[in-house]
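Hello,

Here is the structure I promised to pass on. My notes follow below it.

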Amino acid sequence: MPGAFDPFDPGQAQRAWPVLKELRREGPVAPIAGGMHYVTRHAECRGVLRDTDAFSNASGMKAPGVEIPVEDRILGELDPPNHTAVRRVMVTALTPKVVHAAEPFIRGTAEGLLDGVTVPGRADLVPAFTVPLPNRVTVHLLGFPAEDADTIASWAGALMVSEFPRTNRTERGEGFAGAFPEFAGYIDGKVEHRAHEIERGRDVPDDVLTRLLQLEVDGERLNRNQLRALVRNLITGGLTTTSQLLGNLLYQLLSVPDLERMVRADKGALDNAVEESLRIAPPVLFVARGCVRDTSIGDKSVAAGERVVVGTGSANRDELLFEDADEFRVDRPNADQHLTFGYGPHVCPGAALARVVARIGIATFLERFPPGTVQLAEGYEFENVPTFFEIGPRRLPVDTVAA
């Protein structure tokens, strides 16, 4: 029943699409479990994301009632003016120049990972390609040792499938440092080491970590907890957004009829395929907001203190905007109107990097495997990652043959 739908239920993402279609039929705002409001349509979702006065970002993706200290919040858990200032830091750290400079590394890493796929044979492209590629790119941009990438990925993966994204705690403790002490300690150590090098006037690389340490907000540099939170944000964001985007697009490439042929035949088709994948299979299914003053969404009244779930994934399939919204169409003219990366002041600062990694990753995959040499394993059925707010394949087994 749509009214019993709980977006914080860890198993709901696998079966969300039929429920979200029913919610859209109820209207642009639908009641769901726990007295929450689910915003289902594109225009209303944009309105909520734009209205930072009435809707607070502070609860982030946490379950109702979970509070997080301001200094420990990632970008998606901050409100203006803190959000505006910190987002400016993130945007400055991930400039187009930084992203462009990383392209040779992205391509070389993708080639190396795909060279490791046995031909002929069977491989799971999730652990072999879609997880390590974005993670190694993030580690490279941060300036962390390349040999630490797999360990960092394992920490980030454990965090994402744990109760932490919902509850801010695990059985080990509360908060990031309490719940994942090794992960937090690693970041703290790298931040401290780089800070000491800067203080001593030593030459340091112009990487994202250096930029985060040197940038100021209102004349002051970020404190250590804020730096830790932002670095974690970058690492888990790569694992969430970019990894799922790459996995979803590979799955579509191998399962949507004629898609691979069209992308191979037209270089411009790949860019639109990235946008259409982001639309129809968004790595992040929704974002949550808290209403801080009585207001309305469309003709629906929302009271201060009530929780609002902004269904960006549902908005991406809004039949009022997208024709044949449940179909993957590589030639869709308005595919880029999706809300996967947010809207207004909350547009994801890592969006450009995610798109570049996905585009280079898929282009390299198509170069490495000629037509007809790789296909999904027989009997494969899509199984979603075990995270309540993500859409992406948990595994992607393929069979390869020699060209």
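The second largest cavity has a volume of about 60 Å³. The structure holds three cavities of 30 Å³ or more. A cavity here is a set of points, on a 1 Å grid over the protein atoms alone, where a 1.4 Å probe fits but cannot get out; lining residues have an atom within 4 Å of a point. The volume is the space filled by probe spheres set on the points. K62, I68, P69, D72, E77, F164, N168, G175, F176 and R232 line the second largest cavity. By class, that lining has four nonpolar, two polar and four charged residues. Gly counts as polar.

This is a predicted model: local features need pLDDT of at least 70, side-chain atom pairs count only at pLDDT 80 or more, and totals for chains, interfaces and linings use all residues. Numbering starts from 1 along each chain as its sequence is written, and side-chain values use heavy atoms, without hydrogens and water.

Next, a helix pair. Helices are DSSP runs (H or I, at least four residues), and strands are too (E, at least two). α13 (residues 224-255) packs on α17 (residues 351-368) at about 35 degrees, with the axes 9 Å apart. Axes are lines fitted to C-alpha atoms over the stretch in contact, and angles run from 0 to 180 degrees between N-to-C directions. The contact (heavy atoms within 4.5 Å) has eleven nonpolar, three polar and no charged residues.

Last, the sheet. It is open, with three antiparallel strands in the order β4-β14-β13. β4 (121-124) and β13 (374-376) are edge strands with a single partner each, so one side of each lacks a neighbour in the sheet. Strands pair if DSSP finds at least two bridges between them; β4 and β14 (residues 397-400) have four.

Best wishes

Definitions and conventions
1 Å grid on protein atoms, 1.4 Å probe; cavity = no way out; pocket = protein on both sides within 12 Å on 5 of 7 lines; lining within 4 Å.
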